[in-house]
Amino acid sequence: MFDKILIANRGEIAVRIIRACREMGIKTAAVYSQADRDCLHTMLADEAVCIGPAPSSQSYLNMERILSACAAVGADAIHPGFGFLSENARFARLCEKCGIVFIGPSADVICRMGNKAQARKTMREAGIPVAPGGLEPVHTTQQGMELAEKIGFPVMIKASSGGGGKGMRIAEDREGFSEAFKSAQLESVKGFSDDTMYIEKYMERPRHIEVQILADKLGNVIHLGERDCSIQRRHQKVLEEAPCCRISEELRGRMGEVAVRAAKAVGYENAGTVEFLLDREGRFYFMEMNTRIQVEHPVTELVTGLDLVKEQIRVAAGEALSLSQEEVQICGHAIECRINAENPARGFLPSPGKIQELHLPGGNGIRVDTHIYPGYAIPPDYDSMLLKLIVHGRDRREAVCKMRSALGELIVEGVDTNRDFQYEVISHPAFREARADTLFISDHFPQYCGQRENL
Ligand code: MV4
């Protein structure tokens with residue numbers, strides 16, 4: 001087992017990883033930028049190294065500085081968390097070269113799953129259902145148009161290096177294709193320096209169902225059930241829940257089996273997520289594979305009783321998974337609301353500032369993952385997430401009641417938050433009756449969407 005792990009991240013996920021290490025008796029080293037000198041994770045870690053000024057490019061995204069910090073503290077492993085370098089194949093390879101264990105899948109798997117067109121093709125060849133569409137990437141409008149006509153409009157144009165909706169446009173018909181393709185491709189070139197696109201048949205009102213995977217280095221691969229992440233605003237997840245109450249046990253089993261097959265097909269190791277689109281007829285299609293621990297992992301932890309970060313660390317150290325597929329049990333229902341320092345009434349404008357008053361909810365089945373504390377100043381340099389409020393109930397109805405109560409109890413003063421928006425979302429009849437799909441926010445909260453969602 002590792003002697004010391006360096007956490008190459010910040011905020012609530014850095015606190016979360018440090019806690020898992022402490023429980024396992026593993027020493028921790030934090031890294032922080034000058035903007036994060038008062039951050040909670042630097043106080044909880046056994047030691048902390050300042051790696052540079054505020055801009056991520058000079059701190060949390062700077063591979064050389066992070067690896068130098070690793071050498072300085074003598075850590076034998078790095079946990080990248082999510083975001084930043086967590087899905088950067090070059091960083092994973094650099095760790096391998098430096099003899100530092102990267103707590104995640106191999107650099108090769110990160111690279112292959114990061115190329116969405118190639119991932120789609122790999123899955124198709126492994127017999128995994130993918131959305132109807134081309135298996136070959138396209139680079140020109142003409143190629144795209146020919147493929148779209150073969151598939152049949154409407155189609156979804158996607159960037160191979162994209163993900164989370166970036167470089168994605170819908171083309172309703174032939175007339176609209178060229179403009180949609182060019183704007184998606186331009187976004188991809190600007191964002192990822194890659195003009196590789198692919199085309200899929202557009203699915204009306206899908207749900208976003210993702211399956212948590214765990215795989216060790218001994219060939220064991222299991223799934224831990226699904227999360228419903230359909231409630232998104234501009235491809236940012238608003239809230240997530242587990243399990244998805246609208247799928248049958250039979251469909252649940254099939255999705256889990258397909259997700260395990262997908263992980264085995266690419267030689268996956270550690271924690272990962274297979275994302276599917278589920279249509280209204282109950283057909284599901286591979287969308288992408290995320291090669292990191294995800295923001296929403298706590299809802300899976302609460303319904304399975306597993307600590308996913310500890311499993312990641314154990315697997316990276318060469319140990320076997322703590323349990324077999326037969327031992328996985330999904331109990332009750334969990335919901336997570338992301339509470340951000342932002343103002344929904346002003347287009348979700350970020351609201352950095354100092355936390356004046358803070359009261360966190362508690363009680364049976366209430367969990368708060370956060371790095372903030374009274375007096376903490378939210379820096380403007382990073383994302384605006386303040387905390388994740390996660391609740392667990394015996395069933396969905398109880399979980400919704402707990403979430404409403406916990407949101408009502410939460411007090412954060414000094415910055416604007418989206419708490420009231422979250423309260424409106426989970427109080428909406430379409431949510432309470434579990435009728436929400438990916439257009440839920442644009443359907444029921446158009447005032448929060450600005451121009452029509454660019455699906
Ligand atoms: C789609 C789709 C409809 N048809 N692909 C892909 C990235 C993800 N964040 C959004 N994606 C979608 N891909 C096809 N062929 C609709 C979406 C979509 C969506 C999917 C899940 C959750 C929320 C969504 C919001 C808008 C669009």
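This is a predicted model: local features need pLDDT of at least 70, side-chain atom pairs count only at pLDDT 80 or more; totals for chains, interfaces and linings use all residues.
Reader: How many bridges join strand E6 to E7, and do the two run parallel or antiparallel?

Author: Count the bridges, then follow the chain directions. Strand E6 covers residues 155-159, and three bridges join E6 to E7. The two run antiparallel.

Reader: What is the order of the strands in this open sheet?

Author: Read across the sheet, strand by strand. The order is E7-E6-E8, with antiparallel pairing. E7 (169-171) and E8 (197-201) are the edge strands, each pairing on one side only. From one strand to the next, the twist averages 30°.

Reader: Which helices lie across these strands?

Author: Compare the helix axis with a strand axis. Helix H7 (residues 141-151) lies across E6 and E8, at about 15° to E8. Helix H8 (residues 174-192) lies across E6, E7 and E8, and runs at about 165° to E7.

Reader: Now the cores. Which residues touch the most other members of the largest nonpolar core?

Author: Look for the members with the most contacts inside the core. This core has 39 residues, and Ile231, Ile355, Leu386, Leu387 and Phe440 touch the most other members. Several elements supply at least two residues each, including strand E23 (385-393) and helix H13 (419-427). H12 gives the largest share, five residues.

Reader: What does Ile355 touch?

Author: Skip residues up to four places away in sequence. Among the rest, Ile355 touches Tyr373, Leu386 and Val415, to name some. Another core, of 28 residues, lies apart from the largest one; Ile213 and Phe286 are among its members.

Conventions
Residues are numbered from 1 along each chain as its sequence is written. Side-chain values use heavy atoms; hydrogens and water are left out. A nonpolar core is a set of buried Ala, Val, Leu, Ile, Met, Phe, Trp, Tyr and Cys residues joined through side-chain atoms within 4.5 Å. Buried means under 20% relative accessible area, exposed over 50%, partly exposed in between (1.4 Å probe, protein chains only). Helices (H or I, at least four residues) and strands (E, at least two) are DSSP runs, numbered from the N terminus. Contact means heavy atoms within 4.5 Å. Two strands pair if DSSP finds at least two bridges between them. Axes are lines fitted to C-alpha atoms, for helices over the stretch in contact, and angles run from 0 to 180 degrees between N-to-C directions.
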